[in-house]
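Let's take a friendly walk through this model together. Please have the sequence and the structure open as you read.

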Amino acid sequence: MSQLETAMGMATAVFDKYAKTEDNTQTLTKAELKTLLEKELPNFLSTGKDKDAIDKAFRNLDENGDFQVDFKEFVIFVAALTCCCHKYFEQKAAK
């Protein structure tokens, strides 16, 4: 498998791992999203200064307003975060 295929498989596996902890296995609840972020992206919430960070992240990710984060919404988040990281490291390398 190529690196990109592996990365795609891993993103799918991570979503599935956390989406399967409550009733609907096709979406993330706010609690499931919180657990996913704490375990898989610990530096994303590491500052701890914003106690509403999970609520804000959930509202932003829940694009269709159904109080769940589906796989498409999750992938958009991962892609946007990856773009931000790429830009950050490009700028850092240019200095």
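We start with a contact between two side chains: Glu-38 and Lys-34 meet in a salt bridge, at 3.8 Å from N to O. A salt bridge here is a side-chain nitrogen of Lys or Arg within 4 Å of a carboxyl oxygen of Asp or Glu. The two residues are four apart in helix α2, so about one helical turn separates them.

A word on the source: this is a predicted model, in which local features need pLDDT of at least 70 and side-chain atom pairs count only at pLDDT 80 or more, while totals for chains, interfaces and linings use all residues. Residues are numbered from 1 along each chain as its sequence is written, and side-chain values use heavy atoms, with hydrogens and water left out.

How many salt bridges does a search of the whole structure find? The search finds two. The other pair to look at is Lys-30 and Asp-55, whose side chains meet at 2.8 Å, N to O. Lys-30 belongs to helix α2 and Asp-55 to helix α3, so this pair ties together parts that are 25 residues apart in sequence. The table gives the relative accessibility of the residues involved; buried means under 20% relative accessible area, exposed over 50%, and partly exposed in between (1.4 Å probe, protein chains only).

| Residue | Relative accessibility | Class |
|---|---|---|
| Lys-30 | 36% | partly exposed |
| Asp-55 | 26% | partly exposed |
| Lys-34 | 38% | partly exposed |
| Glu-38 | 44% | partly exposed |

Now for the wider setting. The protein has four helices and two strands, which run α-β-α-α-β-α from the N terminus on. Helices (H or I, at least four residues) and strands (E, at least two) are DSSP runs, numbered from the N terminus. Along its principal axes, the C-alpha trace spans about 45 × 40 × 25 Å. Of the 95 residues in the protein, 20% are buried. Taking contacts (heavy atoms within 4.5 Å) with a separation of 6 or more, residues 24 or more positions apart account for 43% of them.

Back to helix α2, which covers residues 30–40 and has Glu-32, Leu-33, Leu-36 and Leu-37 buried. They lie on the same side of α2 because they cover an arc of only 135 degrees around the axis, the arc being that of the directions from the helix axis to the C-beta atoms. What covers these buried residues includes α1 (3–19), β1 (27–28), α3 (53–61) and α4 (71–94).

One backbone detail is worth a look before you go. Phe-67 lies in the loop between α3 and β2 (69–70), and its phi is near 65 degrees, a positive value in a residue other than glycine. Most residues other than glycine have a negative phi. At 67% relative accessibility, Phe-67 counts as exposed.
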